[in-house]
Amino acid sequence: MTGKLFDVPRRALAGLCALLALAGVIMLTAMADSTMQPLPASAPDGEFSAERALRHLERFATEPRPIGSRAGERARDYLAGQLRAAGLDVRVQRAIGANTSAGLASFGQVDNIVATAKGSDPTGTVVIAAHYDSAAMGPGASDDAAAVAAMLETVRALKGTALRNDLVLLMSDGEEDGVLGAEAFVREHPLGRAGGVLLNWEARGVSGPSLMFQTSRNNAGLVETFVDAVPHPRGDSTLGELYRLLPNNTDFTPMAESGFTGMNFAYIEGSSRYHTADDSLAHLDRGSLQHHGSNMLALTRALGDADLGALSADHDLTYFRIFGTMVTYPNALVWPLAGLAAVAVAGLAVLARRRRLLSLPRLAVAAVSGVVPLLLAAALAQGLWEVLVAWRPAYDGMGGLLHRPQAFQAAVVVLAALALLCWYLPLRRRLGPAALAVGALAWPAALGLLCAQVAPGMSYVLTLPALFCALGGTAAILLRGSVVDGRTGEGVGAARQVAAFQVAAFQMTAVTLGAVMAAALLPALARTAFDGMGLALGGVPALVLAVFGLTVLPIIELCLPERRQSLVPLAAAGLAVLLVPVGLARDGFDPANPLRTHLAYVMDAGTRTASWVSADAEPPAWTRRYVSGHDTTPLPPGYARGTSLWTGRAPAAPGAAEPRVTVLGRDGDTVRLRVTTGRAARSVTLRVERPIAAATATADGMTPVSVDVTGVRANTWPGEIRFRGLPGTGAEIALRVPGADRFRLTAVAETDGLQRVPGFVPRPKGVVAATREDGDLVAVTRTYEISAKG
């Protein structure tokens, strides 16, 4: 029993038409997920205008403004002045923010801008949040100035509107260095401790629609408000589940953990510009700014007049957009739908067995072996990335987020198809197309059940394709039976041929319609994975595309030749190989699509020995002006991070800020230090040769902050403490180093920019600073022997 689910006359043509129909569905889905058209400054006063918001960006978002920088101070003063002019009560919260990761305690002096407007009859507080600091490498026009400018334009559009609820606008500081401002807000500020409904706005690229990608728990009321209030809602519950896989956080994280309910928004396309000099006004998509602002204004109005207490719920919603319509349903339906999909696949298997299209042993082999194309597709995509990095080492510094990745993305699509063919074709004759098609559907059904348990918001993207494809296959078999059972021994006449052709058309339609749900959901998920994760994690979209291939096997079967079938995977492999040089040629570096390179300057304050340092895998020509080998012995103790740094001799930089560490006292394993930088540097880093267990930081007039530290830093000394935005008077830091009688500590004073180093030549056009945290810093070090006891 090695039959087919169905067959039709002119099978290749029918299969091609079905695939074209599904391609049309994929294209329509992509078009429906577009962003908005920007509105001009002449738009009505009550509407959000991207052009009006852009005027604010031109005032404060043209230069990098990291925490503690003069540019950050100028941005703070401008933004606070605009909010005061709009009639809001504006206060600046100065505090120390804190965060931890493995072996690292991060602190920073933050200046949060907190603007408030009292409601007429408040049921709670609506908090609109975005951060005004940027990464040190670029002006952050998208991340996150666009959202901050949108806040100012939203306030203007609301002028004269009396909202029912209290409104708080939080423009936080220090987000880029570990969500320091938001952490300080919820820990110390009365409004942060009071909680409320939070709308946080971010960007991880320079274009694309504004996506609602994360919510707090029990989001039913919030999601319903979002769907009803926003004119162009984008985003789905899958994004929240995927976001948990990424090593990222935003201001939403500490605020949600402290009790805020809310939603998180971002646009993520054009991510090769993220955290670089190209996150600029020139590259900002005005449509993305408009979408951000239109959503912000609509939700502020809706939540500002809502009974916020009524938004509380005891369950989450699954939500997604299909064919221009937002679909929502309670997560109580996740398990029933996942179970229904599994039952539908099982029912298809029973029906196919009864019609003698497959045998149970063959079906079992097909189902179990269905994991092969999934794993193979992921492995091939990851292998492609390794090939690309080996061929062009500069890609490694981009984290897989390339300027023009379309040819490489197409190669991933082809590799997913190749993986599917390498599994399907050898088993086609042995097991039969029906067994393979039904067994393949067991995987999206089973994965849908798994997601129902561990990631409920993502279950639909697997469950619904499995369900609809199973129903389409069932309909095709039942229609096939209506022809077989009606035949007579005298053969099929002309009328009978017409009827058979009509039934074949109905079968084709049923299977194609069954696959529409898969075409609408799975390629869109793969596209989002490409945008959010890049080619460095290309195995994720490849896996999703392989699942899509499993759902449309009956249609693919129609397009495959009966003879010389090995030519098909050979053609796919050849196409994948061809796409690599095409992609390399198309994605070359130029002034419009620059190359990233890392360079830092390091000087030992005691010996005045200085070095250039680069973490590039293969430094480009400009960087090789400064580095020439891998000798790290001249670097100060504990400074080197990584095992393959490039270095070169450098001249001493006169007048550079130097660190000073004074021991104030000892109490067992805890040492209290006073850290200053002479002439003010923006930041100081302390690297410790022993693991640290806890750290406390304070500065003049600010509340001390303590954190516990676990784990160790990788590829460097195990303990590290950072203080960003270091006050001119310095900071007091206490650190606990268990079990160490004596240890070395290297203090690093960090000043932005390499221009003050003698002989430095700025980067040429087409080359920008890489995103590594110590890039483009003048780092002056001193190493101390510290006694932890007695």
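Predicted model: local features only at pLDDT ≥ 70, side-chain atom pairs only at ≥ 80, totals over all residues.
1. The strands concerned are β14 and β15 (residues 670–676), which pair in the antiparallel sense over seven bridges. In general, the strands of a sheet pair through backbone hydrogen bonds, and they do so in either a parallel or an antiparallel way.

2. With strand β19 (residues 719–724), β2 pairs in the parallel sense over five bridges, and the bridge partner of F107 in β19 is F723. Twelve of the 14 residues of β2 are buried, so the strand is largely enclosed by the rest of the structure.

3. Strand β4 (residues 166–172) is mostly covered, since seven of its seven residues are buried. From this strand D166, V168, L170 and S172 point one way, while L167, L169 and M171 point the other way, and all of them are buried. Strand β3 (residues 125–131) runs parallel to β4 and is joined to it by seven bridges, with T125 standing opposite D166. Together with helix α4 (residues 141–157), β3 and β4 make a right-handed β-α-β unit.

4. Some details of the backbone deserve a careful look. The peptide bond from D143 to D144 is cis, with omega near 10 degrees, and D144 is found in helix α4. N218, a residue other than glycine, has a positive phi near 55 degrees; it is found in the loop between β6 (211–215) and α7 (220–229). D776 is likewise not a glycine and has a positive phi of about 55 degrees, and it lies in the loop between β22 (767–769) and β23 (777–787).

5. Are N218 and D776 buried or exposed, or something in between? N218 has a relative accessible area of 36%, so it counts as partly exposed. For D776 the relative accessibility is 19%, and it therefore counts as buried, the cut-off for that term being under 20%.

6. The count of salt bridges comes to 32. One of them is formed by E557 and R428, whose closest N and O atoms are 3.1 Å apart. This pair links distant parts of the chain, as E557 lies in helix α19 (residues 553–559) and R428 in helix α14 (residues 406–431), 129 residues apart. E557 counts as buried because its relative accessibility is 4%, and R428 counts as buried because its value is 6%.

7. The side chains of E689 and R744 also meet in a salt bridge, at 3.4 Å from N to O. E689 lies in the loop between β16 (683–688) and β17 (694–698), whereas R744 lies in strand β21 (residues 742–752), so that the pair links distant parts of the chain, 55 residues apart. E689 is partly exposed at 24%, and R744 is partly exposed at 29%.

8. R722 and E720 meet in a salt bridge of 2.9 Å from N to O, and both residues are buried. Salt bridges that share partners join R687, R713, E720, R722 and E773 into one network.

9. On the surface, L575, L578 and V582 form a nonpolar patch, with about 260 Å² of accessible area together. L578 is found in helix α20 (residues 567–586). With a relative accessible area of 52%, L578 is exposed, since that term applies to values over 50%.

Definitions and conventions: Residues numbered from 1 in each chain as written. Heavy atoms only, no water. Patch = residues over 30% accessible without salt bridge, like charges linked within 9 Å, V, L, I, M, F, W, Y side chains within 5 Å. Areas by Shrake-Rupley, 256 points an atom, 1.4 Å probe, with all protein chains shown as cover. Salt bridge = Lys/Arg side-chain N within 4 Å of Asp/Glu carboxyl O. Helix = DSSP H or I, 4+ residues; strand = E, 2+ residues; numbered from the N terminus. Buried < 20%, exposed > 50% of the residue type's maximum accessible area, 1.4 Å probe, protein only. Pairing = 2+ DSSP bridges. Right-handed = clockwise from strand over helix to strand, strands pointing away.
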